[in-house]
Every structure is written in C-alpha cells, then in structure tokens.
Amino acid sequence: MHVPQPGSAHRQLLSGVAQLALLLGIASADSGHHGAGQRYHRCAAQLAASAGDSATFATALRVMATQAYDVGHHNSAVLNLAEQADSHARHAPPAVRTYTLAHLAVLQAHHDRRAALASLARAERFHGRANGEPGPFTDYPAGALHYQRAQTLAALGDLTGARAALTLSLRLRTDAERRSTALTRAYLATTHLRIGQLDEAITQWRAFLAIYPTLHSARAKAHLQTMISQLQPHRRNPAVRHLLEEASTEIAEL
C-alpha cells in the first residue's frame, strides 16, 4: 500500500480545503453575500497556491472573475483575471481548461470579437477531450458550456445564435441541475423577448416560475425582478398578466 509522504499529504489537505472554500464562496455569492464569497475565493486561491495545485488555483481565479461578471463588471481588470485563470490552467485536465476558456470567451466578447470566438472554439475542443468523473472539480457539463457560448454570442450581438445555444443548453441539463435549468430558462426568456418573441418568452418564464419556489438563490430572485420589469409593458396580454400575478405572490411570500 502506498502511504503519501507528509509533504504530499499536507498538499492534498490544502487542496481539499481550497476546494471546500470555493464551494462555500459560490454558495455565499449565490445567496447574495458577495463580500463573504470574495473572501472565501481569495482564501481558496491562497490555499491552492500553497498546495502547488494549479488546477484549483485556476478554478479559483475563474470563479472570482465569474462573480465579478455576474454583478455587472466586465472591464479590463476582470478580463485580466480570466486570462490569468486560463494561463494557470494550461497544464490542467481538459475539463478545467474548458471551464477557464469558456468564461474567458465571455469576457473577451466585450473587448475583442476575434479573441472571444477563438477562445470559445478552443473551449469546445477541450470539452471534446474531457472524460473526468462527474463532480464539481472533475467535470464541466455540456449544458454549462453552451450557456457560456450563449453569453459570448449575446455580448457580440448575435441574439439568434445565443437563443440557439441556450435552447441546446436547456436540452442538455439534467434533473440534478435544477438551479442551472431555472437560470437558463430565465436567460432564454430574456433573449426571446429581446428578439421580439413574446409568446416564447412567456413559455420560458412560466417554466422558470414553476421551479423558482424550490430555489434559494439571489440570482434567481434577480431574474424574477427582471421578468417583472420586462413584462410590465405587455401586461395587457392575459398570459403576461397571469405571470405577473404569480410573480407578485412569490415576492409577497419572501
């Protein structure tokens, strides 16, 4: 039986704690506690660096860039963070490289169209090579990759392409990805509405509302507020009026 040397065991422990800190940070940010999420992410990055775990370090940087992007920041500082994440992932397993490249493409879409499309293509190639066991640090779901593809295309102004990517993402989501499914439906509804497809948007918002009561997510709550804001101009439509009434009930019960 192989017994790890003390140094190796210590590094493994640091890596495990770093991954736990990342999960806590993601959960904190999703609950709306962004400051706590940032502290967990910084702690995770420091632990991963001390462990010499470049894959987890890259993941931590990517998560930090994602959190910044989700609250509306896509400036050069956040782009640099995503670039650093991908740089540190260059020797990581394909799933991790897919993870960093996919979000790098999203950030690059706000700065350099050609670079964004190149990173997206590379992410898709790495995804084709990935064969890790299911898990938060060993696998990157196809549905998540196509969600990032949609974000990239939307930032580039290709709403039709974004709609197609979101539709595929939704089809690839598993039953276990309930929160991700809800967020994908909300994003798809918004995209349909931006294209001018009210009926299709109503269908997706209705499905989002069916899942919403089971979630405890600040992002889902933000999407609910977005739904109300976007549908108000169409409130004379009976289906829209019914959705708005349901949404008001959800807000009243919070």
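Trainee: Which residue forms a salt bridge with R149?

Mentor: R149 pairs with E124, and their closest N and O atoms are 3.1 Å apart. E124 belongs to helix α6 (residues 113–129) and R149 to helix α7 (residues 142–155), so the pair ties together parts that are 25 residues apart in sequence. A salt bridge here is a side-chain nitrogen of Lys or Arg within 4 Å of a carboxyl oxygen of Asp or Glu. Helices (H or I, at least four residues) and strands (E, at least two) are DSSP runs, numbered from the N terminus.

Trainee: What kind of model is this, and how are the residues numbered?

Mentor: It is a predicted model, in which local features need pLDDT of at least 70 and side-chain atom pairs count only at pLDDT 80 or more, while totals for chains, interfaces and linings use all residues. Residues are numbered from 1 along each chain as its sequence is written, and side-chain values use heavy atoms, with hydrogens and water left out.

Trainee: How many salt bridges does the structure hold?

Mentor: The structure holds five. One of them joins the side chains of R179 and D30, at 2.9 Å from N to O. R179 is in helix α9 (residues 178–195) and D30 in helix α1 (residues 6–30), so this pair ties together parts that are 149 residues apart in sequence.

Trainee: And how covered are those two?

Mentor: R179 is partly exposed, because its relative accessibility is 30%. D30 is buried, with a relative accessible area of 12%.

Trainee: Which side chain meets D86 in a salt bridge?

Mentor: That partner is R97, at 2.7 Å from N to O. The two link distant parts of the chain, with D86 in helix α4 and R97 in helix α5, 11 residues apart. D86 counts as buried because its relative accessible area is 7%, and R97 is likewise buried, at 8%.

Trainee: Let us stay with α4. How many residues has it, and what is its reach?

Mentor: Helix α4 (residues 76–88) has 13 residues and reaches 18 Å from its first C-alpha to its last, close to the 18 Å expected at 1.5 Å a residue. That expected span is 1.5 Å times one less than the number of residues.

Trainee: Which residues of α4 are buried?

Mentor: They are V78, L79, A82, A85 and D86. They lie on the same side of α4, because they cover an arc of only 115° around the axis. The arc is that of the directions from the helix axis to the C-beta atoms. On the face turned away from this buried side are the exposed residues S76 and A77.

Trainee: What covers the buried residues of α4?

Mentor: The cover includes α3 (54–70) and α5 (94–108). Cover of this kind is judged by contact, meaning heavy atoms within 4.5 Å.

Trainee: New topic: H41. Where is it, and is it buried or exposed?

Mentor: H41 is in helix α2. It is buried, because its relative accessible area is 1%. Not counting residues up to four places away in sequence, H41 touches L22, G25, I26, A60, V63, M64 and Q67. The C-alpha atoms of H41 and M64 are separated by 6.5 Å, although the two residues are 23 residues apart along the chain.

Trainee: What about S169?

Mentor: S169 is found in helix α8 (residues 159–172). It counts as buried because its relative accessibility is 0%. Among the residues it touches, beyond those up to four places away in sequence, are G143 and T184.

Trainee: One last item. Where does N237 lie?

Mentor: N237 lies in the loop between α11 (218–231) and α12 (238–252). N237 is partly exposed, with a relative accessible area of 24%. Leaving out residues up to four places away in sequence, N237 touches L198 and I202. From N237 to A118 the C-alpha distance is 42 Å, and the two are 119 residues apart in sequence.

How values were computed:
Buried means under 20% relative accessible area, exposed over 50%, partly exposed in between (1.4 Å probe, protein chains only).
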